Amino acid sequence: MKLSHRITHLTGGGPDGWDVFYRARRMVAEGHAITELTIGEHDIPTDPEILGAMDASARGGHTGYAMVPGTDLLRDTVAARLQVRTGVKTTRDNVLITPGGQSALFAAHVAACDPGDVGLYLDPYYATYPGTIRGAGAIARAVETRAEDAFQPRADEIEAVSDGAVSLLINTPNNPTGVVYSAQTLHAISGVCQRRDLWLISDEVYDTQVWEGSHLSPRAIPGMAERTLVVGSMSKSHAMTGSRCGWIVGPTEAIEHLINLATHTTYGVPGFIQDAASFALNAGRELEEKIAAPFRRRRELAMQVLSAQQTVGLIPAQGAMYLMLDIRATGLSGEAFANALLDTHAIAVMPGESFGGAAAGHIRVAMTIDDDRFATALQTVCDFAAQLAANKGAA
Ligand code: PLP
């Protein structure tokens, strides 16, 4: 039977740069001891207090269909959170609860794009972005950012390729680069969106993981609330990746239509998950800081290790749970370096090329193992790079 073009072309075909990751996973399954610094998952489980709230809710009977837009409590909680962060009046009518940030990204693009419209995104990018845009029926068009700009986007370059575009997807703090967009960058991007009449889809799932500078949601920028769809999630802020709970915050009219979409796709998020999320968000900053603390610590450790050598460059590690390392001094591509590192030192990292052409010659290191092993692994990465660079010089 023929399958739709939309689904068969979702991934764009060709190598996706995830070979190293799958090879490492196979090696682990075969019993090899591999240090995995690949995916963005905490090394702690969901906090017992959050699980307690989930359990109490489920046992209290909140196991039937929940309201499709989300429970009033969670929508109000998310609205209050966004209002505090942006200064823009936000009510439950601005909020749709979704099964995680990923489905929010998809729904936001369905809301913004008609088939054949162009959806812009920035390279390097979180792995699902182009497929998400294509899945919504739009044409995914990448705009490269540059290592020499610390991967801060250049608004004029976005504007230059915006013909036919109806949306722009951004992510700050950024996966994979670890960069936090400056206020200047975000104001310039907002200017482009206003001039070119674009929806700004703002993926803010790492907004509690900021190590340097501060997070600015573009919803806060004058004239942007009516054209911004903020994507948020409990996954990273509260180590609730498996709970699948996120949201879209946007103009009420967009949310009304997005509720219709949810009725015809996800039909909501389990009530006991939403109650756990409400509990977690209302537990305040302290809990978020506890969950972010290991990454903050490991980033400090990384800065110490990296400052003692010259071969590996660090893209400013301002936020999120990743480091983007420049290994171009070794003469290898990110992919060749990652494969060699796995073979010789049993350490798995993601090649920059997994996240698009702009991150070629880089590797992404997830700070997701305990501090001692993390520091040792990073030292090994640096020593290995230095050895490769020296051999290259000698050759
Ligand atoms: N956006 C970014 C940038 C991510 O890194 C991730 C997950 O890694 C997501 C969205 C999706 O997160 P979730 O669907 O778990 O909320």
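How many bridges join strand E11 to strand E12, and do the two run parallel or antiparallel? Good morning, colleagues. Before I answer, please note that the structure before you is a predicted model. The answer is that two bridges join E11 to E12, residues 362–366, and that these strands run antiparallel. Within that pairing, Pro 351 stands opposite Ile 363 of E12.

Let me stay with E11 for a moment. This strand covers residues 347–351, and five of its five residues are buried, so the rest of the structure largely encloses it. E11 also pairs with strand E1, residues 35–37, here in the parallel sense and over three bridges. In this second pairing, Ile 347 of E11 has Thr 35 opposite it.

I turn now to the aromatic rings. A search of the whole structure finds seven aromatic pairs. In one of them, the ring centres of Tyr 121 and Tyr 125 are 5.2 Å apart and the planes stand at 80 degrees, so this pair is edge-to-face. Both Tyr 121 and Tyr 125 are buried. Another pair is formed by Tyr 206 and Tyr 322, with centres 5.8 Å apart and planes at 80 degrees, which means that it is edge-to-face. This pair links distant parts of the chain, 116 residues apart: Tyr 206 belongs to the loop between strands E6 and E7, while Tyr 322 belongs to strand E10, residues 322–326. Tyr 206 counts as buried at 3% relative accessibility, and Tyr 322 is buried with a relative accessible area of 1%. Elsewhere, ring pairs link Trp 18, Phe 21 and Tyr 22 into a cluster.

Tyr 206 brings us to the ligand. Which residues come nearest to the ligand? Of the 15 residues around it, they are Gly 101, Asp 203, Tyr 206, Ser 233 and Ser 235. The shell divides into five nonpolar, seven polar and three charged residues. Helices H5, residues 100–112, and H9, residues 234–237, each supply at least two residues of this shell; the largest share, four residues, comes from H5.

A polar backbone atom of Gly 101 is 2.7 Å from an oxygen atom of the ligand. In the side chain of Asp 203, an N or O atom is 2.5 Å from a ligand nitrogen atom. Lys 236 places a polar side-chain atom 2.8 Å from an oxygen atom of the ligand. Taken alone, the ligand exposes 400 Å², and the protein buries 93% of that. Thank you for your attention.

Methods
Residues numbered from 1 in each chain as written. Predicted model: local features only at pLDDT ≥ 70, side-chain atom pairs only at ≥ 80, totals over all residues. Heavy atoms only, no water. Buried < 20%, exposed > 50% of the residue type's maximum accessible area, 1.4 Å probe, protein only. Pairing = 2+ DSSP bridges. Phe/Tyr/Trp six-rings, centres within 6.5 Å; stacked < 30°, edge-to-face > 60°. Near = heavy atom within 4 Å. Polar contact = N/O pair within 3.5 Å; in protein donor to acceptor, adjacent residues only side chain to side chain. Areas by Shrake-Rupley, 256 points an atom, 1.4 Å probe, with all protein chains shown as cover. Nonpolar A, V, L, I, M, F, W, Y, C, P; charged D, E, K, R; others polar.
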